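This short report goes with the sequence and structure shown below. Please look through both before reading on.

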Amino acid sequence: MSSEFPPFAVTVNLVVLTLRDGHLHTLVVNRGVEPFIGVPALPGGFVHPEEGLTEAARRELAEETGLRLPEAHLEQLASYGDPGRDPRMRVVTVAYLALAPDRPLPVAGTDASGSRWLPADTLLEGAPLLAFDHARILRDGVERARAKLEYSPLATAFCPPEFTIAELRRVYEAVWGTPVDPRNFHRKVTGVNGFLTPTGDTTTRDGGRPAQVFRRGPATLLHPPLDPARSPTHTPSRSRLTPTRRAP
C-alpha cells in the first residue's frame, strides 16, 4: 500500500565522555564510508527494524569502537531532524549521552576506520571539524553533563565505585573547566544529604595524609546544588559559558 509520506531513516549517535589525564575527553570515530569518509564523527548508525533505540545505541558503540558500557551512565540526550543534516536522505537521529570512568583505547570496526579519545574542549573549538551536525550534538552533550553535575550525583559516574573527595573534585574541575577550592568543595559535598556514603576505609593514593574513601549514596538530586560560580577560586571558563559554535 502506497503512502503519502516520504521515507526517512532513524539513527542513533553517542556522546561518550570520560576523563583522561585529568581532562574531559569524548569518543570519536573516523567514518569509513561516504558521506564524509575519513572525517571524525560521533559513534552511531542506523537503527535496525527489530531493535529499540537504547539497544541500537549500545550495539553501535560496541560495533564501531569495541567498547561496551554495561555499568556506565547512559541517557537519551535529544533528537535532531533538520532536513539537510544528512546528504543521503531525510535522517532523524536520537542522541545519547554516556559517562564512564577512564576507558581503554577503543578498537574500530564495521563502518568506522579508526576510533580515539579526543579532548572535548578542542572539538568544541572546531579542531577537528566533525561530520554532519555532530559538533552541535557534542556541544549539547557536554553542556548537559556540566549542568547535571550541579544538581545530581552524576559526577560519580566518572569515578570508580570507591573514591576520595579529591578524586571527585577533579571530576568537577575537568567537566566544569574551572578550579574548585578544595576545602569549600569538601564542605559542600559532605553536607549534601545522601550524596556520599563513607566506606570506613582510608587511602593514601592521593598523597599526603590518609584520605577517607566514599561511594555514591542514595540521593538522586543534590540540595542545595553545587554551583561553580560560588567557588572562591572560580575563574570563568569560555568553553563552559560560551563554547564556540562551528558548522560541522
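How many aromatic pairs does the count come to? In this predicted model, the count comes to three aromatic pairs. One of them is formed by F36 and F132, and this pair is edge-to-face. The two ring centres are 4.8 Å apart, with 70 degrees between the planes; an angle over 60 degrees counts as edge-to-face. F36 lies in the loop between β2 (23–31) and β3 (40–41), while F132 lies in the loop between α2 (120–124) and α3, so the pair ties together parts that are 96 residues apart in sequence.

Next comes the packing of two helices. The axes of α3 and α4 come within 9 Å and cross at roughly 140 degrees. The two helices are therefore oblique to each other, and α3 passes α4 in a left-handed crossing. The table lists the residues that make the contact.

| Helix | Residue range | Residues in the contact |
|---|---|---|
| α3 | residues 134–151 | A145, R146, L149, E150 |
| α4 | residues 165–176 | V171, Y172, V175, W176 |

By type, the residues of this contact divide into six nonpolar, two charged and no polar.

The last topic is confidence. The chain has a mean pLDDT of 86, and 86% of its residues reach 70 or more. Over residues 230–248, however, the pLDDT is below 50. This stretch has 48 contacts in the model beyond near neighbours in sequence. Where pLDDT is low, the predicted coordinates should not be read in detail.

Conventions: Residues are numbered from 1 along each chain as its sequence is written. This is a predicted model: local features need pLDDT of at least 70, side-chain atom pairs count only at pLDDT 80 or more; totals for chains, interfaces and linings use all residues. Side-chain values use heavy atoms; hydrogens and water are left out. Axes are lines fitted to C-alpha atoms, for helices over the stretch in contact, and angles run from 0 to 180 degrees between N-to-C directions. Helices (H or I, at least four residues) and strands (E, at least two) are DSSP runs, numbered from the N terminus. Angles under 35 degrees count as roughly parallel, over 145 as roughly antiparallel, 65 to 115 as roughly perpendicular and the rest as oblique. A crossing is left-handed if the near helix is turned anticlockwise from the far one by less than a right angle, and right-handed if clockwise. Contact means heavy atoms within 4.5 Å. Ala, Val, Leu, Ile, Met, Phe, Trp, Tyr, Cys and Pro count as nonpolar, Asp, Glu, Lys and Arg as charged, and the others, Gly among them, as polar. pLDDT is the predictor's confidence in each residue, from 0 to 100. Rings of Phe, Tyr and Trp (its six-membered ring) pair if their centres lie within 6.5 Å; planes under 30 degrees apart count as stacked, over 60 as edge-to-face and the rest as tilted.
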